Amino acid sequence: AKTAGRDRAVVFDDAMYADAVQDAEARAQLERALAAGEFLVHYQPIVDLPSGRLIGVEALVRWQHPERGLLGPDTFIPLAEETGLIVPLGHWVLAESCRQVAAWHREVPDAGRLRVSINLSARQFQHAGLVGDVAAVLRESGIDPGRVVLEITESLLMRDTDATISTLHELRALGVHIAIDDFGTGYSSLSYLRRFPIDILKIDKAFIDRIATDPDDATLAEAVVQLGRALRLQTVAEGIESLDQHSLLSALGCTYGQGYLFARPAGPAHIEALLRQSRNS
Ligand code: C2E
Ligand code: CA
Ligand code: CA
Ligand code: CA
């Protein structure tokens with residue numbers, strides 16, 4: 001930075017310069033990776049409780065890095081959000097997972113009703129082109145919009161309420177369903193559940209972890225399931241790892257479950273094999 005006089009404000013110091021350079025480099029790297037086709041989508045099964053029947057999959061992005069190997073989203077989604085590259089990356093995930101699941105609908109016997117859940121980041125949600133982009137992907141992939149779930153987080157709902165409500169209505173008018181992800185970890189103002197057009201609550205793993213051992217957590221999970229039922233919303237429990245958690249959530253009447261107990265996220269070939277075995281309807 002320029003040496004500033006004692007009273008002059010320094011508006012752009014070395015650290016800020018370094019940050020800006022780093023951001024530009026990160027963005028360029030992610031852009032290059034996207035153009036080079038290094039991103040891929042893994043799918044994690046979502047099952048009906050209590051039967052365990054496979055009813056859907058959640059699309060989870062991965063980066064097959066040429067030097068660093070297979071990277072999980074926690075290592076690059078925050079950067080993609082900061083640099084804005086989440087918009088084209090998120091669009092790619094949406095298009096790729098709709099294309100894949102539409103192919104399964106056509107080609108795998110009895111997989112015609114499989115749902116696909118796709119994560120939307122706040123920045124993607126606020127992007128002016130979102131509704132048009134989703135409409136175009138639905139049309140081009142030929143997927144039944146009723147089989148598509150868009151997952152948004154609770155904190156997103158607290159931002160610009162009116163704009164958010166109208167975007168959600170426009171998305172639902174396309175025929176897709178809306179899920180609130182990580183439910184219970186955000187602001188927890190319950191009034192928004194009435195005001196926002198949503199279909200599904202996903203109970204965060206943090207509440208599921210100790211439901212079989214901590215009575216307070218079990219009570220909270222039960223309250224969320226009952227809330228969902230009262231509002232005619234489906235409930236999905238995420239991060240189910242044990243049989244105890246499974247039977248408890250089934251007993252509570254939670255609609256769906258997701259977690260390592262049933263299956264880890266996996267590449268499309270593995271999921272297709274599962275679909276062919278389970279012959280779900
Ligand atoms: P999320 O949406 O809450 O996704 C669930 C995460 O929990 C996934 O991690 C999944 O692998 C993990 N998980 C599922 N069941 C279990 C379990 O039984 N035990 C444990 N320990 N973990 C379980 P993953 O794939 O690393 O994704 C992390 C986060 O990255 C996601 O959390 C989501 O917020 C974000 N993400 C992933 N793909 C995308 C994407 O395409 N777009 C956006 N915007 N975010 C994404
Ligand atoms: Ca999610
Ligand atoms: Ca989640
Ligand atoms: Ca989460």
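In this predicted model, the lining of the second largest cavity divides into 3 nonpolar, 3 polar and 1 charged residues. That cavity holds about 40 Å³ of space, and a search of the whole structure finds 2 cavities of 30 Å³ or more.

**Second largest cavity**
- The residues that line the second largest cavity are Val87, His91, Leu94, Gln124, His127, Leu130 and Asp133.
- Helices α3 (86–107) and α5 (130–141) each supply at least two residues of this lining, and α3 gives the most to it, with 3 residues.

**Largest cavity**
- The largest cavity has a volume of about 90 Å³ and is lined by 14 residues, among which Ile46, Arg115, Ser117, Ile200 and Val236 lie nearest its centre.
- At least two lining residues come from each of β2 (54–65), β4 (115–119), β5 (148–153) and β7 (200–203), and by class the lining of the largest cavity comprises 9 nonpolar, 2 polar and 3 charged residues.

**Calcium site**
- The calcium ion (ligand 3) is coordinated at 2.2 to 2.4 Å by Asp181 (OD), Asp182 (OD), Glu238 (OE) and Glu238 (OE), with donors that follow the spacing D-D-x55-E along the chain.
- Because Asp181 lies in strand β6 (residues 177–183) and Glu238 in strand β8 (residues 234–238), the pair ties together parts that are 57 residues apart in sequence.
- Both Asp181 and Glu238 are buried.
- Asp181 coordinates both the calcium ion (ligand 3) and the calcium ion (ligand 2), which are 3.9 Å apart.

Methods:
Residues are numbered from 1 along each chain as its sequence is written. Chains are lettered from A and ligands numbered from 1 in the order in which they are written. This is a predicted model: local features need pLDDT of at least 70, side-chain atom pairs count only at pLDDT 80 or more; totals for chains, interfaces and linings use all residues. Side-chain values use heavy atoms; hydrogens and water are left out. Donors are N, O and S atoms within 2.8 Å of the metal (3.2 Å for Na, K and Ca); water is not among the atoms, so sites may look incomplete. Helices (H or I, at least four residues) and strands (E, at least two) are DSSP runs, numbered from the N terminus. Buried means under 20% relative accessible area, exposed over 50%, partly exposed in between (1.4 Å probe, protein chains only). On a 1 Å grid over the protein atoms alone, a cavity is a set of points where a 1.4 Å probe fits but cannot get out, and a pocket is an open set with protein on both sides within 12 Å along at least five of seven lines; lining residues have an atom within 4 Å of a point. Grid points are joined across faces, edges and corners, and a volume is the space filled by probe spheres set on the points. Ala, Val, Leu, Ile, Met, Phe, Trp, Tyr, Cys and Pro count as nonpolar, Asp, Glu, Lys and Arg as charged, and the others, Gly among them, as polar.
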